[in-house]
Amino acid sequence: MDYKDTLNLPKTAFPMRANLPQNEPKQVEKWDRERTYFQMLQTNAQAPKFILHDGPPYANGNIHIGHALNKILKDIIVKYRSMTGQAAPFVPGWDCHGLPIELQVEKNLGRAKKLAMSKAEVRRMCKEYAEKYISIQRQEFKRLGVFADWEHPYLTLNPVYEAHEIRELGKIVGSGALYRRKKPVYWCASCVTALAEAEVEYEDHTSASIYVKFLVKDSKGLFSNDQATETFFVIWTTTPWTLPANQAIAVHPKFMYRRVKTPTGHLILNQELIPSVMKALGFESTEYQVTEGAWSGIDLEGVLCRHPWIDRDVKVILGEFVTQDQGTGAVHIAPGHGQEDYEVGMRYSLPVMAPVDPEGRFTAEAGDLQGESVFRADARIMQKLMDAGALLKEDKLAHSYPHCWRCKKPVIFRATEQWFVSMEKNGLRRKALDAIEQVRWIPPWGKDRIRGMLEGRPDWCISRQRSWGVPIPAVYCKSCNEAVLTQAVCEHIATIFEKEGSDAWYLRPLRELLPKDFKCSQCGGNEFTREEDILDVWFDSGVSWATVVERDPRLGGRADLYLEGSDQHRGWFHTALLTSLATRGRAPYESVLTHGFTLDGKGRKMSKSLGNVIAPQEIIKKSGAEILRLWVAAEDFREDVRISDEILNRLVEAYRRLRNTARFLISNLYDFDPENDSVPLSDLDEMDRWILGRTQSVLGRCRQAYDNYEFHAVYHTLNNFCSVELSAQYLDIVKDRLYCEGAKSPTRRAAQTTLYRILDTLVHLMAPLVSFTAEEIWGYMPDKDRRPASVFISHMPEPDASLIDSQLADKWDRIFRERSEVLKALEQARTGGIIGHSLDAKVIFGPRNGDQASTLTELVKADRTRLQDLLIVSQVNEAAGASLDRGLSYESELLNCRISVNKADGAKCERCWKYDPRVGQEEKHPTVCARCATVLNAGAGA
């Protein structure tokens with residue numbers, strides 16, 4: 001007789017190989033077809049809402065690995081919140097305007113062709129480009145298994161969105177916080193536009209480093225200044241190209257300054273910096289002399305100098321920002337080329353001169369430098385300084401310098417007429433600093449980061465000199481050139497944009513865009529020209545809390561969570577905060593969660609030049625989106641996240657463990673109906689109750705980790721649970737009961753009841769992380785016909801306190817620690833050729849005289865059969881003396897005994913493979929053990 005046919009061996013159609021790249025697209029189609037996301041929302045329609053507001057990615061190019069990290073994190077949160085009883089709608093968005101798209105269109109067209117086109121034509125092409133990539137990215141995000149209302153996203157190019165954006169601008173105008181002024185801003189000469197702080201990145205750069213002397217014209221009688229004792233103030237700068245715009249020299253009011261006699265004249269220097277400056281200029285201590293007299297910065301205020309080569313007086317002024325860290329203690333001031341320069345220049349009514357055109361070339365104001373690029377002008381400027389005898393030293397300095405986030409080229413500070421939101425008007429800066437204290441920042445250092453940015457940031461420049469964006473609806477009076485922008489005009493324009501979109505600003509005659517009988521508030525004129533600047537795209541997305549969260553009936557109210565990369569403390573988190581405080585007086589979010597950047601396996605930033613870019617599309621093609629999801633779950637995303645083939649290969653192995661654990665559970669429930677076959681808790685075996693208690697602990701830990709956004713803790717908890725407590729302990733031990741006991745026996749049903757409850761918990765805990773696999777498992781649940789159609793429409797179980805027994809847990813923790821000692825002895829016996837399989841073994845425990853017995857050895861007397869099953873051996877016994885000398889012996893301090901492993905007694909049962917001296921005693925089944933004979937005689941299916 002073939003006894004294999006009498007065993008309850010695992011049966012399942014759940015495949016061992018996932019074939020994720022082939023099967024995941026089918027699941028995405030099924031979710032679409034069955035509208036699973038909307039069913040998920042309907043399940044919790046009456047529940048409190050949890051709003052995770054999507055920060056819109058640029059509709060430019062295919063998604064990259066950072067996009068995948070971001071959207072998967074959001075998906076995990078949305079699914080978990082829904083499965084724990086909250087209404088968690090997710091409305092995806094796209095940032096559709098701005099420089100990246102316009103530059104790409106320009107690249108496709110060619111600059112000359114683009115310049116020949118009207119703004120309306122350029123905007124039409126930009127819109128088509130954005131819509132193309134919205135469609136592409138939407139499919140790529142869906143392929144990741146991300147749930148959202150994909151057919152109804154919010155788009156910053158949507159006419160209704162644009163209209164509400166203009167209304168929010170109008171509220172800021174109405175508050176008096178918006179103004180227009182000539183001020184220095186970050187300017188990209190390559191992209192030909194102003195840049196926001198969030199659009200600037202700092203990279204290594206090598207600049208000219210020069211010391212320049214300015215001849216004193218009028219010393220205010222502080223020191224002699226005749227031909228024999230010509231005196232100079234010395235400045236140090238790394239931006240020689242700004243010297244044509246120099247208007248003053250700043251000294252610190254409290255620092256002390258001395259006059260130093262040198263071969264190049266008498267030099268005024270900060271007294272603390274004299275040694276370092278002399279060293280930099282190459283003067284030995286015998287070559288210079290610090291003369292009598294010392295002056296504070298306040299004393300020196302008002303001294304007049306001459307520009308080195310331009311016919312211009314240069315006044316000495318006071319600046320608290322002057323430091324003694326480096327330089328000379330005197331700072332060259334060009335109000336048109338620096339924020340601090342501008343601010344101190346305003347106090348002293350200095351001209352805001354910026355003789356540089358939009359493409360970074362000197363204008364006629366710079367004299368014979370006209371037409372020269374500021375980035376190539378250093379040599380000519382230094383020649384002018386040398387000709388004037390004003391250049392003391394020239395060197396090179398490698399330092400961190402601002403670069404354009406888009407074209408990666410160095411930027412300049414350039415004063416132009418721009419629109420600004422004041423940080424001081426209405427106390428916006430103070431409100432922002434107060435508001436961040438009320439927000440939960442995850443991780444907590446996010447608060448310090450945004451605080452530092454808010455404390456020092458200048459007024460927000462919201463105008464951009466491009467075509468593709470929402471136009472600033474201002475007009476200029478032809479009679480007096482006054483810039484006119486009112487809340488009423490914004491509201492009037494918004495009603496037009498709502499119907500026609502912002503293209504109306506460029507297509508309609510200006511008179512049709514203005515209210516009837518509109519006149520200039522300054523002179524009463526009624527002829528105007530329109531503003532050509534557009535709004536900063538950070539204003540576009542920054543007001544999405546108002547244009548989307550407040551107004552979209554799917555959302556409503558206020559966002560519970562913003563989740564983006566750590567760069568958004570100066571980007572979206574920042575601008576959303578400012579716009580919300582400016583018009584609502586509160587932060588737009590309850591919590592802000594930050595993830596790090598994606599790096600390669602060596603911790604390097606990904607770049608095409610390094611050849612270390614890993615595309616999510618390639619990972620999906622090779623291994624499936626599920627591996628990407630597992631990668632997101634496995635890493636502590638609050639820090640920078642590494643990814644490499646090696647990391648992904650490890651995750652593939654981890655995924656197999658999770659999948660195979662689920663498959664084992666499913667395959668042993670093929671004949672189990674939870675409604676009819678479940679065994680009450682009181683009738684479960686002690687080990688069953690232990691593993692169910694452990695399962696509840698895992699459930700509690702994972703739910704807490706989900707609540708705290710610690711998804712890596714969920715992953716590691718599940719991975720360890722499947723690898724250790726289940727695969728290496730419980731499941732390995734319970735196989736004999738599942739396979740060899742009667743199919744309907746109470747002991748097997750108890751084991752199946754346990755497996756079912758474990759599987760139900762696991763599938764729910766896995767679902768937010770590995771959604772494809774959890775949904776696949778859901779379709780193989782033994783009571784699937786009585787369950788919702790999708791795991792995402794079901795609710796995650798709460799920990800069941802009745803299943804947690806701390807005393808039982810402690811006991812079994814001890815048992816398994818002690819069991820590991822026996823497993824070591826068995827492994828040594830296997831290596832020594834005494835046994836092949838553990839079932840070949842007989843284990844004998846030899847207690848030491850006077851030593852207390854261990855929990856494990858107590859079972860030899862109390863429940864020998866349980867101990868045999870626990871160790872997966874055929875026989876256990878307790879003995880001393882000579883009987884321990886046979887076989888292999890292992891001394892165990894933990895068990896306080898000597899462990900001997902011998903070949904088991906009796907014959908091997910053909911059915912369960914255990915050795916038993918009673919094999920052969922049953923006439924009907926002479927080759928099986930007594931246990932198996934009993935099962936067979938009762939009918940294996942009994």
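The second largest cavity is lined by Trp545, Glu550, Gly557, Arg558, Ala559, Ser580, Arg584, Arg586, Ala587 and Pro588. About 50 Å³ of space lies in it. By class, that lining has four nonpolar, two polar and four charged residues. The classes: Ala, Val, Leu, Ile, Met, Phe, Trp, Tyr, Cys and Pro are nonpolar, Asp, Glu, Lys and Arg are charged, and the others, Gly among them, are polar.

A word on the basis. This is a predicted model, with local features needing pLDDT of at least 70 and side-chain atom pairs counting only at pLDDT 80 or more, while totals for chains, interfaces and linings use all residues. Residues are numbered from 1 along each chain as its sequence is written, and side-chain values use heavy atoms, with hydrogens and water left out.

Now the terms for space. On a 1 Å grid over the protein atoms alone, a cavity is a set of points where a 1.4 Å probe fits but cannot get out; a pocket is an open set with protein on both sides within 12 Å along at least five of seven lines; lining residues have an atom within 4 Å of a point. Points are joined across faces, edges and corners, and a volume is the space filled by probe spheres set on them.

How many cavities of 30 Å³ or more does a search of the whole structure find? Three. The largest cavity holds about 80 Å³. Its lining includes Glu199, Arg464, Arg466 and Asp536. Strand 5 (193-195) and strand 23 (534-535) each supply at least two lining residues. Helices (H or I, at least four residues) and strands (E, at least two) are DSSP runs, numbered from the N terminus.

Next, the second largest pocket. Its volume is about 1,200 Å³. It has 33 lining residues, and Thr238, Thr239, Val331, Glu340 and Asp341 lie nearest its centre. Strand 15 gives the most to this lining, with five residues. The lining divides into 15 nonpolar, 15 polar and three charged residues.

On to salt bridges (a side-chain nitrogen of Lys or Arg within 4 Å of a carboxyl oxygen of Asp or Glu). The count is 77. Take aspartate 75 and lysine 79, at 2.6 Å, N to O. Both lie in helix 3 (residues 65-83), four residues apart, about one turn of the helix. Buried or exposed? Here buried means under 20% relative accessible area, exposed over 50%, and partly exposed in between (1.4 Å probe, protein chains only). Aspartate 75 is buried at 2%. Lysine 79 is buried at 0%.

Compare aspartate 311 and arginine 306, whose closest N and O atoms are 2.2 Å apart. Aspartate 311 is exposed at 71%. Arginine 306 is partly exposed at 23%.

Last, cysteines. With a disulfide taken as a pair of cysteine sulfur atoms within 2.5 Å, the count is zero. For cysteine 188, the nearest cysteine sulfur is that of cysteine 407, 3.5 Å away. Cysteine 188 is buried, at 0% relative accessibility. For cysteine 461, the nearest is that of cysteine 188, 14 Å away. Cysteine 461 is buried too, at 5%.
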